[in-house]
Amino acid sequence: MREKLLAKLQQLHAQAPDKLPVVTLDEYFSGNTEEECIAPNQVGYGRPSLADLYKRFQTIEQRPEVQGVFVGMHSDWDMALEDSATWPAAENIHILANATQDAVAAWIDGLEADGVIEGWPYGEHPAAPKPKPGFQVFTVCWD
């Protein structure tokens, strides 16, 4: 799983080196057991386990008003290329939804996130999923 993810990330990076890659929820979390790969500052301070984060976002992904849930990579994701024990680092979670920002914020209550913002905070990667009409991108952020 990790090697397949890294291969995809390298391909996405080659396509747009100045934009952070975005991958599906399953591509990122399947086979991932590295607790500090996302929101490392909240590990041990209220953030649910990685497995619980995955389950929670899978549940959100199944909501009728959600087009999809995706993982935005951290600028240091490529450090995993040099260390076979490291999972690529993620920065945030993107939720494409036909909902209000307040509704999306309620869905993530208890995840110790710093909040939900509208749009792609570091710019949109050209291969990022496009919201359907009436949907928009919300980004779950952690410090």
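Hi everyone, let me start in the sheet: Glu-118 stands opposite Phe-138 in strand E5. Before going on, a word on the model: it is predicted, so local features need pLDDT of at least 70 and side-chain atom pairs count only at pLDDT 80 or more, while totals for chains, interfaces and linings use all residues. Residues are numbered from 1 along each chain as its sequence is written, and side-chain values use heavy atoms, with hydrogens and water left out.

Back to the strands. E5 covers residues 136-141 and runs antiparallel to E3, residues 90-97, with 6 bridges joining the two. Within that pairing, Ile-93 has Val-140 as its partner in E5. E4, residues 115-118, is also antiparallel to E5, through 4 bridges. Two strands are called a pair if DSSP finds at least two bridges between them. Strands (E, at least two residues) and helices (H or I, at least four) are DSSP runs, numbered from the N terminus.

Now, salt bridges. How many does a search of the whole structure find? There are 5, where a salt bridge is a side-chain nitrogen of Lys or Arg within 4 Å of a carboxyl oxygen of Asp or Glu. One of them links Glu-27 and Lys-8, at 2.8 Å from N to O. Glu-27 sits in helix H2 (residues 25-29) and Lys-8 in helix H1 (residues 2-15), so this pair ties together parts that are 19 residues apart in sequence. Glu-27 is partly exposed at 29% relative accessibility, and Lys-8 is partly exposed with 29% as well. Partly exposed lies between buried, under 20% relative accessible area, and exposed, over 50% (1.4 Å probe, protein chains only).

Another salt bridge joins Lys-130 to Glu-124, at 2.9 Å from N to O. Here Lys-130 is partly exposed at 46%, and Glu-124 is partly exposed at 34%.

Last stop, the largest pocket, which holds about 250 Å³ of space. Cys-37, Pro-40, His-74, Ala-89 and Ala-90 are the closest to its centre among the 20 lining residues. A pocket here is an open set of points on a 1 Å grid over the protein atoms alone, where a 1.4 Å probe fits, with protein on both sides within 12 Å along at least five of seven lines; lining residues have an atom within 4 Å of a point. The volume is the space filled by probe spheres set on the points, which are joined across faces, edges and corners. By class, the lining has 11 nonpolar, 3 polar and 6 charged residues.

Methods:
Nonpolar A, V, L, I, M, F, W, Y, C, P; charged D, E, K, R; others polar.
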